[in-house]
Amino acid sequence: MKQQLDKYLKRFTSLDKQERLTILDELDIREYPKGTILLEQGEMSSTCYFVLQGCLRQYAIDEEGRETTSNFYTEEQAIAGFNRYAPEEGSDCFVACLEDCVLVVGDFGDERGMFERHVQLESMARRMMEEHLGKVQREFAAFAASSPEDRYREVLRSRPGLTRRVPQHQLASYLGMTPESLSRIKKRLQSV
């Protein structure tokens with residue numbers, strides 16, 4: 001796992017090997033079994049995560065008990081935000097492990113100290129967030145302008161393994177359709 005993280009640090013920083021090893025030793029890496037709920041809707045949280053292994057789902061439950069999946073996180077993706085700058089509001093979503101997961105766990109309260117000890121980490125975090133924000137904006141624009149079939153095709157193209165890792169009803173919710181519609185689209189695409 002640390003080799004995977006070291007590769008990531010190399011990509012986003014110009015830290016030398018010793019500096020990277022020092023940072024890696026300071027990271028809190030934890031394992032969570034499938035089914036673990038890391039965050040509950042309405043809960044206050046000062047924790048962020050980076051996925052080393054596994055798949056997690058972000059979802060909300062409305063007043064009528066319907067679940068809506070807003071994201072899936074897999075390897076080398078960060079999970080942060082959860083009303084960080086308005087913590088009194090609590091989270092508007094749940095985050096749950098769909099598989100056994102290995103995650104880097106960070107605490108926003110410890111962030112400043114890490115950035116002071118390792119100056120390049122702050123610019124690395126900013127670059128990662130800028131990349132992520134750009135990706136989210138592009139995905140949202142494409143999602144809003146596309147048909148359900150196009151959305152499914154895009155998931156197949158951009159995240160090919162995801163369809164085997166998540167239950168169909170959750171994938172359908174993420175794509176903004178019913179499980180039955182997703183089944184029809186899958187059948188139609190398989191016959192082509």
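**Cavity, helix contacts, ring pair**

H4 supplies the largest share of the lining of the largest cavity, 4 residues. Helices here are DSSP runs of H or I with at least four residues, strands are runs of E with at least two, and both are numbered from the N terminus. This is a predicted model, where local features need pLDDT of at least 70, side-chain atom pairs count only at pLDDT 80 or more, and totals for chains, interfaces and linings use all residues. Residues are numbered from 1 along each chain as its sequence is written, and side-chain values use heavy atoms, with hydrogens and water left out.

Back to the cavity. On a 1 Å grid over the protein atoms alone, a cavity is a set of points where a 1.4 Å probe fits but cannot get out, and lining residues have an atom within 4 Å of a point. Points are joined across faces, edges and corners, and the volume is the space filled by probe spheres set on them. The count is 1 cavity of 30 Å³ or more, and the largest cavity holds about 90 Å³. Its lining consists of Asn71, Phe72, Tyr73, Gln77, Ala78, His132, Lys135, Val136, Glu139, Arg159 and Tyr174. Strand E5 (67-73) and H4 are the elements that give two or more residues to this lining.

How do H3 and H4 cross? The axes, lines fitted to C-alpha atoms over the stretch in contact, with angles from 0 to 180 degrees between N-to-C directions, come within 4 Å and cross at roughly 120° for H3 (residues 108-117) and H4 (residues 119-145). H3 and H4 are therefore oblique; under 35 degrees is roughly parallel, over 145 roughly antiparallel, 65 to 115 roughly perpendicular, and the rest oblique. In contact (heavy atoms within 4.5 Å) are Arg112, Met114, Phe115, Glu116 and Arg117 of H3 with Val119, Leu121, Glu122 and Ala125 of H4.

For H7 (residues 168-175) and H8 (residues 179-190), the axes come within 8 Å and cross at roughly 95°, so H7 and H8 are roughly perpendicular. Gln168, His169, Leu171, Ala172 and Leu175 in H7 meet Pro179, Leu182, Ser183 and Lys186 in H8.

Last, the rings. The whole structure has 2 aromatic pairs, meaning Phe, Tyr or Trp rings (six-membered for Trp) with centres within 6.5 Å; planes under 30 degrees apart are stacked, over 60 edge-to-face, the rest tilted. Tyr59 and Phe94 have ring centres 5.0 Å apart and planes at 10°, so this pair is stacked. Tyr59 lies in strand E4 (residues 56-61) and Phe94 in strand E7 (residues 94-97), 35 residues apart.

Conventions. 1 Å grid on protein atoms, 1.4 Å probe; cavity = no way out; pocket = protein on both sides within 12 Å on 5 of 7 lines; lining within 4 Å.
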